[in-house]
Amino acid sequence: MQPKPPIEDIVSRIIVSGHQVDVGDTLRGHATEQLEALGRKYFDKAEDVTCTFSRTGKGGFGCAIRIHSGRGLYFDGEGEHAAAPAAFALALEHVAKQLRRRKRELREDKPVNPTRDGVL
């Protein structure tokens, strides 16, 4: 089994910004840490990750995450909640589900193992 690549090689660029919202250092650090963990879990190397926080019309926060994994693949997730960290968690959950399904789809596309199916 090959060792995991260093963190610099996993995600080239992570951008955490706010659309008319000031994103504090704590929230920015939390988001960066969680996105790096997601990158380590699902990618050899993602090209870039963008996370944008905004205010909703209902007085809460919205969070949009977009991951570009190369080869024209984009994964998007959005979340809304009264608290910004909870909105981020919802958006991250949506993106993680898309990545998990994509990884499963690629894994199940492999040829069938005859020894596992009891043919031999």
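1. The model is predicted. On that basis the protein has three helices and four strands. Read from the N terminus, the order of elements is α-β-α-β-β-β-α. Of the 120 residues in the protein, 32% are buried.

2. Cysteines. No disulfides turn up anywhere in the structure. A disulfide is a covalent bond between two cysteine sulfur atoms. For Cys51, the closest cysteine sulfur is that of Cys63, at 3.6 Å, which is too far for a bond. The cut-off for counting a disulfide is 2.5 Å between the sulfur atoms. Both residues are covered: Cys51 is buried, with 0% relative accessibility, and Cys63 is buried as well, at 3%.

3. Phe53. This residue belongs to strand S2, which spans residues 48-55. Phe53 has a relative accessible area of 0% and so is buried. Its C-alpha atom lies 9.8 Å from that of Pro85, a residue 32 positions away along the chain.

4. Salt bridges. Arg13 pairs with Asp48, with 3.8 Å between the closest N and O atoms. This pair connects distant parts of the chain, 35 residues apart: Arg13 sits in the loop between helix H1 (7-10) and S1, and Asp48 in strand S2. A second salt bridge joins the side chains of Glu80 and Lys58, at 3.7 Å from N to O. It too links distant parts of the chain, with Glu80 in strand S4 (residues 73-81) and Lys58 in the loop between S2 and strand S3 (61-70), 22 residues apart. Glu80 is partly exposed, at 49%, whereas Lys58 is exposed, at 74%.

5. The side chains of Glu105 and Arg102 form a salt bridge with an N to O distance of 3.0 Å. Both residues are in helix H3, three residues apart, or about one turn of the helix. Glu105 is partly exposed, with a relative accessible area of 48%; Arg102 is also partly exposed, at 26%.

6. Positive patch. What makes up the patch of positive charge on the surface? Its residues are Lys41, Lys97, Arg100, Arg101, Lys103, Arg104 and Arg107. Helix H3 (residues 84-108) supplies the largest share, six residues. One of the residues in helix H3 is Lys97, which is partly exposed at 38% relative accessibility. Patch residues must have over 30% relative accessible area and no salt bridge, and Lys97 passes the area requirement with its 38%.

7. Backbone at Gln20. Most residues other than glycine have a negative phi. Gln20 is not a glycine, yet its phi is positive, about 60 degrees. Where does Gln20 lie in the chain? Gln20 is in the loop between strand S1 (14-19) and helix H2 (25-42). With 76% relative accessibility, Gln20 counts as exposed.

Notes: Residues are numbered from 1 along each chain as its sequence is written. This is a predicted model: local features need pLDDT of at least 70, side-chain atom pairs count only at pLDDT 80 or more; totals for chains, interfaces and linings use all residues. Side-chain values use heavy atoms; hydrogens and water are left out. Buried means under 20% relative accessible area, exposed over 50%, partly exposed in between (1.4 Å probe, protein chains only). Patches are made of residues with over 30% relative accessible area and no salt bridge: like charges are joined within 9 Å, nonpolar side chains (Val, Leu, Ile, Met, Phe, Trp, Tyr) within 5 Å. Accessible areas come from the Shrake-Rupley method with a 1.4 Å probe; for residues, only the protein chains shown count as cover. A salt bridge is a side-chain nitrogen of Lys or Arg within 4 Å of a carboxyl oxygen of Asp or Glu. Lys and Arg count as positive and Asp and Glu as negative; His and the chain ends are not counted. The place of a charge is taken as NZ of Lys, CZ of Arg, CG of Asp or CD of Glu. Helices (H or I, at least four residues) and strands (E, at least two) are DSSP runs, numbered from the N terminus.
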